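Me: Can you walk me through this one? I've got the sequence and the model open.

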Amino acid sequence: MTGILTGVTVALLAGWFLWERLRPAFPWPSSRARLLRNAMLGVVGFGTTFLVVTPVSLGAAEIGPAWREAWPMWLRLGTDILLLEFYIYWWHRANHEVPLLWRFHRVHHYDEFLDVTSALRFHPGEVILSAFVRGLWVLALDISIPAILLFDALVIIAAGFHHSNVMLREKTDDAIRKVIVSPHHHRIHHIPERRYTDSNYGTLFTFWDRFFGTYREADTRGQYGVEGTHDAPFGQLMKDPFGKA
Ligand SMILES: [Zn+2]
């Protein structure tokens with residue numbers, strides 16, 4: 001199962017990467033420094049995910065109380081995916097609303113353009129913190145190992161898609177974001193104005209945003225970032241959470 005999931009995930013990421021080059025929504029920035037920075041953060045972030053996040057969740061699933069073991073497989077898997085999406089919605093929201101967590105998460109938001117590489121750039125500190133919080137969620141709710149593997153693959157595929165610079169027809173994007181996080185829906189989350197940055201937290205689905213009142217609509221112009229700041233070189237980004245607020 002892991003081999004197939006990895007193959008499909010890598011193929012789809014490559015697909016989004018090619019698609020956004022064939023049909024870009026906004027003109028590409030001329031600087032290559034940004035791509036290099038995102039690639040470096042991606043290597044560190046993904047390395048930490050594979051070394052810490054997935055193993056901690058899988059370990060938690062092994063040792064936690066097995067109180068949902070008797071549930072039919074379809075019901076368990078479906079509930080697990082919804083519970084993991086519920087967790088990631090609140091974890092993402094906490095990353096915006098808790099000042100200590102925002103110090104790490106803002107590194108992702110400093111990106112001044114959005115494309116598939118934006119989905120890779122996360123500070124390893126954010127990744128490590130998320131590993132332990134999610135581990136407790138998995139342990140308490142008896143989330144199954146297949147659900148964790150499937151969910152992690154879906155998150156990578158979805159993050160690549162909704163950060164991509166792909167041009168979708170308005171009607172298509174409207175239809176997609178009724179259920180799934182579309183590129184337009186997520187671009188609003190990256191608008192520098194704080195009332196937009198602090199909205200549209202969903203990763204796979206848009207319904208938790210609607211339910212908890214954080215769903216926003218706006219026009220975007222291909223310019224993103226954090227109000228009053230600029231993106232920085234890799235070394236500075238790594239130190240950023242430990243500097244001034
Ligand atoms: Zn965010």
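Me: Where does UniProt put the "transmembrane region" feature?
Reply: The unreviewed UniProt entry places it at residues 40-61, 73-92 and 136-161. Bear in mind that what you're looking at is a predicted model.

Me: Switching to backbone angles: what's the phi of Asp 142?
Reply: Asp 142 has a positive phi, about 55 degrees, even though it isn't a glycine. Most residues other than glycine have a negative phi.

Me: Where is Asp 142?
Reply: Asp 142 is in the loop that runs between helix 5 (124-141) and helix 6 (145-163). Asp 142 counts as partly exposed because 19 other C-beta atoms lie within 10 Å, and buried would take 20 or more.

Me: What about Asn 200, buried or exposed?
Reply: Asn 200 is buried, because it has 25 C-beta neighbours inside 10 Å. Asn 200 has a positive phi too, about 50 degrees, and isn't a glycine. You'll find Asn 200 in the loop between helix 9 (194-197) and helix 10 (207-211).

Me: Last one: why does Arg 32 count as exposed?
Reply: Because Arg 32 has 8 C-beta neighbours inside 10 Å, and 12 or fewer makes a residue exposed. Arg 32 is in the loop between helix 1 (2-22) and helix 2 (33-63).

Methods: Residues numbered from 1 in each chain as written. Predicted model: local features only at pLDDT ≥ 70, side-chain atom pairs only at ≥ 80, totals over all residues. UniProt positions renumbered as here; feature names shortened; annotations may be inferred. Helix = DSSP H or I, 4+ residues; strand = E, 2+ residues; numbered from the N terminus.
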